[in-house]
Amino acid sequence: MNPADWIEEGVFWVFGTILVVSAFRVITVRHPVHAALFLVLCFFNTAVLWILAGAEFLGIILILIYVGAVLVLLLFVVMMLDVEVEKLREGFVRYAPLGAVVALILILELVYLFWAHTLGFHGLAAPIHVLARHDNTRALGTELYRRDLYPFELAGMILLVGLIAAILLTLRHRAGIQSQKPSEQVRVRARDRVRLVSPKPPRRGAST
Amino acid sequence: MMSMSAIAPEAWVAGGVLFVVLLEALRPFVRDRTLAFAIPASTLLALGLAAMSASFWTAASWGVFFDGGLIVDPLSRLLVVSVSVVALLVVIYSIGDLERHGFGHGEYYALLLSATLGILAIVTGANVLVLFLGIELLSLSLYALVSIDRERVIAAEAAMKYFFLGAIASGILLYGLSLLYGLSGTLSLAMLPKMIAGLGGGDRVLFLFATAFVIVALAFKFGAAPFHMWVPDVYEGSPTPITLLVGTIPELGAIALIMRLLVAGLHPLSAQWMPMVLGVAILSLLVGNLAALAQSNFKRLLAYSAIGHVGFILLGIATGTISGEIAAVYYTIIYVTMTLLAFGILLVLRARGRDVEDLDDLAGLSQIHPWWSLLMLFAMFSLAGIPPFVGFWAKLSILRALLGQGEVWVAVLAVIMAVVGAFYYLRVVKIMYFDRVANQKAMSVPWGIPELILSMNGLALIVLGLVPDALWQLCAWAVRY
Amino acid sequence: MNPWLLGLESWFLPHLVGILVVTVVVILSVAYLTYAERKVIGYMQSRLGPNRVGQWGLLQPFADVLKLLFKEIIIPERSSGLLFVVAPVLAIVPALATWAVIPFARGLILANVNAGLIYVLALTSIGVYGVILAGWASNSKYALLGAMRSAAQIISYEIAMGFALIGVVMAAQTLNLEHIVENQSGGILHWYFIPLLPLFMIYFVSGVAETNRAPFDVAEGESEIVAGFHVEYSGTAFAVFFLAEYANMILIAALAATLFLGGWGSPLAGLGIPLLSANGLVWLALKIGVLLFLFLWFRATFPRYRYDQIMRLGWKVFIPATLVWLVVESAFIIGQVGPWFHGGLS
């Protein structure tokens, strides 16, 4: 092993460990804001591991979209809501036995799976490192827009439907809101607002 | 240009979605009357063009397009045409009701079209990725449509349940599909059987694991027991036009999904998945028919009846034979026709001042609306499987396929459940014809095109029942290809 | 063996030196940017600006830095201790780390990565965490309000900014910043700001909004919420936020110069004029200087936007405008217009 390999191994183990620990902390910390922050850490470390595996575009996009946008919004909401942590945990004891049963079943299934593994499942091949100059952003773009054009466009329609659904569920036209409408303010003409009257002068002798 | 004709139905419907959204965006500048005409009209046009362009496919059009994303074969032609026509009918039956209750804005039409697009993608999907995206497109549109009447608590509850359970089911499906992809290294449904056939031992166990996930998710999307919990709530909670939609076209999508993914894609594993499907089918038969007996709400009753019918359809699949698969497709198309009629009549009655929620609301219907009562009787008899209505032939074809495989006990159970089913369908007829309620007032509303088409839909049940062979031949040809 | 780490030993040391140089230069630039800001705005408002420390007040920034360094960092009693301290660091790190992919001259770049532009976008998008965490950890309502405003604003403008950058990517057909500059070589007429003028303007205005500068500085909003997210910060911690804000300004200017104004390329390149036609670092510095002057000019000129107006501008004007221009640009590309779009469709 040459030194660069050592460094790669080291980077993997350091970030991998942080990833696992922070993922564990996401579900164990008491405060939701801290949980969200550990999730940020989680995504960040995942991105590093992906870049290490040679998928630099996916790694950076993970940071850009999940860390940079989705989790910011999540934090935004969590900070605004005053979540009562104790209330969230109320049901825990009540549902614990059921959860334990489900967990047991899952463990049994996993054990069975590993048992099956020894029977002849060879596992998946490790990913192949591509050349350093290989531009996997371009490769991904070519795949998406050429070979997978049809699924890609379908995914676009899904996003559109999400947009329509969100607006359908939340848009409310409330009556009686006082908001500025600049266009109306600009369009207004004198005769809309001002009424010219010629008042009759008070009759002479009448007391005011 | 071949691929252009292959994608034409999807393209028309997707274009319809965009056009309707665009029209809706013009609302501040255009009169409401104009939009109230233009939006449904463009929806109908898009669906009509989709059906037309698919029906023009000939043997020369068969093939796989878009690098294995889209397949054009007789099955996709049959189902694309059925889905488009059913969606067309759904719109026609619903227009009046939507207008009256204020849901007639563009979003209903846009979501209906996108749901249809999702189903079309499933129907013509030749690749696991496309199937999954189609399911998601369909599901997201349906979640939104169910909650379209957001002021009603019951609708919000139905939508929440549907959304959460649906999201879990999608996760399970995705997990199963990703296992399939990881093991086989291919997304193509044509390649999948070859890859599976070349494996043995432990890998097959993992494949089975993946298949179980897929079946659970499919059962959920189809509304089969024991994953049926959302069905009654959604049927009851949504406004009737939405129930009409949820109860019809997704069933066509589900059968397409099963035909493409399970029957074709996982064919080498059929010996393993057949028992699973059989179990789900028998459970659905029991749950659907027995629970329907206890219902007093008409829409809930139809929901449980839907679960029972799904059981029948899955029985056809579980035989693992060609004739069983033909019967399943045949059954689905007929079932959708009958459901269209039943919910269509509810909408017509609503327009005439009779909002049917409970079974008792149907009491004495025959005196006021003799024609609609008669059509409802057609629907009920056909759902119950009483000759000469077409529902009889559907049930018979499934039973024939079961007996052909020597599954006598399953067939006997199916017959028993059909008899149980007949009991509650006939109860509806009894309430309509023999229960009397005082203080009836008739509201006469002139007939329009929707009423005319609905009546033809009802008569079609008899006509198809008298000449059942034409549709059967069509399905047989589509599935055999 | 990972290709990213190939030959790590041989370039480790030179890069360390490079990183140090860039960091020091950026920090010095920040120091004199604050000086320039006070001078420029001073003259615009008929004042003199700082003129006491050193000749023409030239040592004023150092006096300020020393003052801040010697002040006590006060950590509010019921604040979230660790996060309170980490927040300024999270603000400064992305502002400095982004410089890694900025090409200063031909071959003069710390890390010449293929996905450079996306790296820039990703790093600028995580800069918002410093602000949000500072606001939340302070346990102060003004700070939280400022943080919320800032988060919403940055996310909204990031979209318009991203779309504007897509325009550049479409023109250059690469995400590598050095190649983007190379593609604009050949004088001022070859720079992308001409065919992409709307995108350039949107990018720069969004950049002003991203850095929370006037007239988009509602996150600080002295007149409404005291100082917004950093109201509880003092001493070095405050200085770090200050540094981050100005480093971000310089970064936005540098990116705008690189992406739209030909980077290190001379505007007179190709004309054969001695000295003036030569490309080099000086031109990049000059372009950054001009753009930074715009930042200061904006601050001296425009009154602060109202919050809902900021949102309307971002969502209802900028995003649709960028989308429209991307379509127009596609037409340019197909038509192979001008000296900019010669590659056609690849």
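Chain A contains nine helices and zero strands, where helices (H or I, at least four residues) and strands (E, at least two) are DSSP runs numbered from the N terminus. The structure is a predicted model, in which local features require pLDDT of at least 70, side-chain atom pairs count only at pLDDT 80 or more, and totals for chains, interfaces and linings use all residues. Residues are numbered from 1 along each chain as its sequence is written, while chains are lettered from A and ligands numbered from 1 in the order in which they are written.

Along the sequence, chain A has the pattern α-α-α-α-α-α-α-α-α. Of its 208 residues, 18% are buried; a residue is buried if 20 or more other C-beta atoms, placed from the backbone, lie within 10 Å of its own. Two residues are taken to be in contact if their C-beta atoms, placed from the backbone, lie within 7 Å. Among contacts in chain A between residues at least 6 apart in sequence, 55% join residues at least 24 apart.

The contact between chains A and B involves 21 residues from chain A and 33 residues from chain B. On the chain B side, at least two residues each are supplied by α1 (2-25), α4 (106-123), α5 (128-146) and α8 (202-222). The largest share of this side, ten residues, comes from α5(B). By class, the chain B side comprises 20 nonpolar, eight polar and five charged residues; Ala, Val, Leu, Ile, Met, Phe, Trp, Tyr, Cys and Pro count as nonpolar, Asp, Glu, Lys and Arg as charged, and the others, Gly among them, as polar.

Helix α5(B) also packs against α11 (residues 249-265) of chain B, at an angle of about 165° and with the axes 12 Å apart. Axes are lines fitted to C-alpha atoms, for helices over the stretch in contact, and angles run from 0 to 180 degrees between N-to-C directions. The two helices α5(B) and α11(B) are therefore roughly antiparallel, a term applied to angles over 145 degrees. In this pairing, L131(B), L138(B) and L142(B) of α5(B) meet P250(B), G253(B), L257(B), R260(B) and L261(B) of α11(B). The contact of α5(B) with α11(B) has six nonpolar, one polar and one charged residues.

Leaving aside neighbours within four places in sequence, I345(B) is in contact with W372(B), L375(B), M376(B), A379(B) and L454(B).

Key
A residue is buried if 20 or more other C-beta atoms lie within 10 Å of its own, exposed if 12 or fewer, and partly exposed in between; C-beta atoms are placed from the backbone. Angles under 35 degrees count as roughly parallel, over 145 as roughly antiparallel, 65 to 115 as roughly perpendicular and the rest as oblique.
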